[in-house]
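User: I would like to learn how to read a protein structure. Could you take me through one, feature by feature?

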Amino acid sequence: MKSSYYKNLIFEAVHSSRNHPTADEIFATLKESGENIGLATVYRNLNTLAADGRIKKIVGADGAHFDRADFPHGHFICSSCGKICDFSPDFEDNIFKTASKFGFSGNLDISISGLCENCAVAGTN
């Protein structure tokens with residue numbers, strides 16, 4: 001019972017987040033709300049939820065972040081500071097049509113890495 005309880009809590013924490021939280025950030029949020037949960041439980045459930053396709057795991061320059069998986073979207077990831085921004089590709093239908101020609105089906109999972117505006121202006125690599 002606790003496993004489902006914690007999995008649901010963690011799922012809701014990811015879905016209610018306005019950013020792309022790390023496991024440590026989700027752990028801190030749940031602890032601040034009074035939950036008696038361990039960091040290992042957070043990591044285990046995040047990885048299970050990602051493997052099940054219920055959330056997305058995004059690996060950036062600063063480690064793993066987690067995001068909603070309930071609508072198709074991609075991510076811009078800064079290769080210097082790790083900033084992650086969502087984007088909704090307007091070419092999604094064409095991607096799925098092309099994929100189906102080759103017998104593929106599935107979920108959209110596009111990540112584009114480069115430098116965010118702040119890092120580009122600062123000349124960071």
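User: Where is Asp67 found?

Analyst: Begin with what kind of model this is. It is predicted: local features need pLDDT of at least 70, side-chain atom pairs count only at pLDDT 80 or more, and totals for chains, interfaces and linings use all residues. Residues are numbered from 1 along each chain as its sequence is written, and side-chain values use heavy atoms, with hydrogens and water left out. Now the elements. Helices (H or I, at least four residues) and strands (E, at least two) are DSSP runs, numbered from the N terminus. Asp67 is found in strand S2.

User: Is Asp67 buried or exposed?

Analyst: Buried means under 20% relative accessible area, exposed means over 50%, and partly exposed is in between, with a 1.4 Å probe and protein chains only. Asp67 has 4% relative accessibility, so Asp67 counts as buried.

User: Which residues is Asp67 in contact with, leaving aside neighbours within four places in sequence?

Analyst: Contact means heavy atoms within 4.5 Å. Asp67 is in contact with Val14, His20, Ile55, Lys56, Ile58, His73, His75 and Asp86, neighbours within four places aside. Asp67 and Arg18 are 49 residues apart in sequence, yet 9.2 Å apart in space, C-alpha to C-alpha.

User: Why does His15 count as buried?

Analyst: Apply the cut-off again. His15 counts as buried because its relative accessibility is 13%. His15 is found in helix H1. Leaving aside neighbours within four places in sequence, its contacts are Arg54, Ile55, Arg68, Ala69 and Asp70.

User: What about Phe71: where does Phe71 lie?

Analyst: Phe71 lies in the loop between strand S2 (63–68) and strand S3 (74–78). With a relative accessible area of 34%, Phe71 is partly exposed. Phe71 and Ser88 are 17 residues apart in sequence and 9.1 Å apart in space, C-alpha to C-alpha.

User: At what angle do helix H2 and helix H3 pack?

Analyst: Axes are lines fitted to C-alpha atoms, for helices over the stretch in contact, and angles run from 0 to 180 degrees between N-to-C directions. H2 (residues 23–32) and H3 (residues 39–51) pack at about 125°, with axes 9 Å apart. That makes H2 oblique to H3. Angles under 35 degrees count as roughly parallel, over 145 as roughly antiparallel, 65 to 115 as roughly perpendicular, and the rest as oblique.

User: Which residues make that contact of H2 and H3?

Analyst: H2 brings Ala23, Asp24, Ile26 and Phe27, and H3 brings Leu39, Val42, Tyr43 and Leu46.

User: Which residues touch the most other members of the largest nonpolar core?

Analyst: A nonpolar core is a set of buried Ala, Val, Leu, Ile, Met, Phe, Trp, Tyr and Cys residues joined through side-chain atoms within 4.5 Å. The largest one has 14 residues, and Ile10, Ile26, Val42, Leu46 and Ile55 touch the most other members. Helix H1 (2–16), H2 and H3 are the elements that give two or more residues to this core. H1 gives the most, with five residues. Take Leu46: not counting residues up to four places away in sequence, Leu46 touches Ile10, Val14, Ala23, Ile26, Ile55 and Phe66.

User: How many helices and strands does the protein have?

Analyst: Five helices and five strands. From the N terminus on, the elements run α-α-α-β-β-β-β-α-β-α. The C-alpha trace spans about 45 × 45 × 20 Å along its principal axes. Of the 125 residues, 31% count as buried.
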